[in-house]
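Subject: Structure handover and findings

Dear colleague,

I am handing over the structure below, followed by notes on what was found in it. Please read the notes alongside the coordinates.

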Amino acid sequence: MEDQYCPLRTYGFCELAQLYCPNILPHNASRQLRRWINYNPAFRQELETLGWRPRRKYLLPVQVACIFAHLGRP
């Protein structure tokens, strides 16, 4: 069943980070999401295989699905 709150679609990196960390500033939320990605080399490699690069502003649905698979839905 598709989650109504966090549908699988294109997200801005900061937008998705704020869904995971809603109680902190957007810049810090982005930094935290990057930390989670970099903490697990296999996770980062999988995202890079799907076309993600650091400092890219948007995440494609396939990349968002990978993040949801590793971190769960926000």
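How many aromatic pairs does a search of the whole structure find? The search finds one aromatic pair, where rings of Phe, Tyr and Trp (its six-membered ring) pair if their centres lie within 6.5 Å, and planes under 30 degrees apart count as stacked, over 60 as edge-to-face and the rest as tilted. The pair is formed by Tyr 20 and Trp 36 and is edge-to-face, at 6.2 Å centre to centre with 80 degrees between the planes. Because Tyr 20 lies in helix α1 and Trp 36 in helix α2, the pair ties together parts that are 16 residues apart in sequence.

This is a predicted model, in which local features need pLDDT of at least 70 and side-chain atom pairs count only at pLDDT 80 or more, while totals for chains, interfaces and linings use all residues. Residues are numbered from 1 along each chain as its sequence is written, and side-chain values use heavy atoms, with hydrogens and water left out.

Helices (H or I, at least four residues) and strands (E, at least two) are DSSP runs, numbered from the N terminus. Tyr 20 counts as buried at 15% relative accessibility, whereas Trp 36 is partly exposed at 30%; here buried means under 20% relative accessible area, exposed over 50% and partly exposed in between (1.4 Å probe, protein chains only). The buried residues of α1 (residues 13-20) are Phe 13, Leu 16, Ala 17 and Tyr 20. They cover an arc of only 100 degrees around the axis, so they lie on the same side of α1, the arc being that of the directions from the helix axis to the C-beta atoms.

Helix α2 (residues 26-39) packs against helix α3 (residues 41-49) at an angle of about 105 degrees, with their axes 5 Å apart; axes are lines fitted to C-alpha atoms, for helices over the stretch in contact, and angles run from 0 to 180 degrees between N-to-C directions. The contact (heavy atoms within 4.5 Å) is made by Trp 36, Ile 37, Asn 38 and Tyr 39 of α2 and Pro 41, Phe 43, Arg 44 and Leu 47 of α3.

Gln 63 lies in helix α4 and counts as buried, at 2% relative accessibility. Leaving aside neighbours within four places in sequence, Gln 63 is in contact with Leu 47, Leu 50, Gly 51, Trp 52 and Tyr 58.

Best regards
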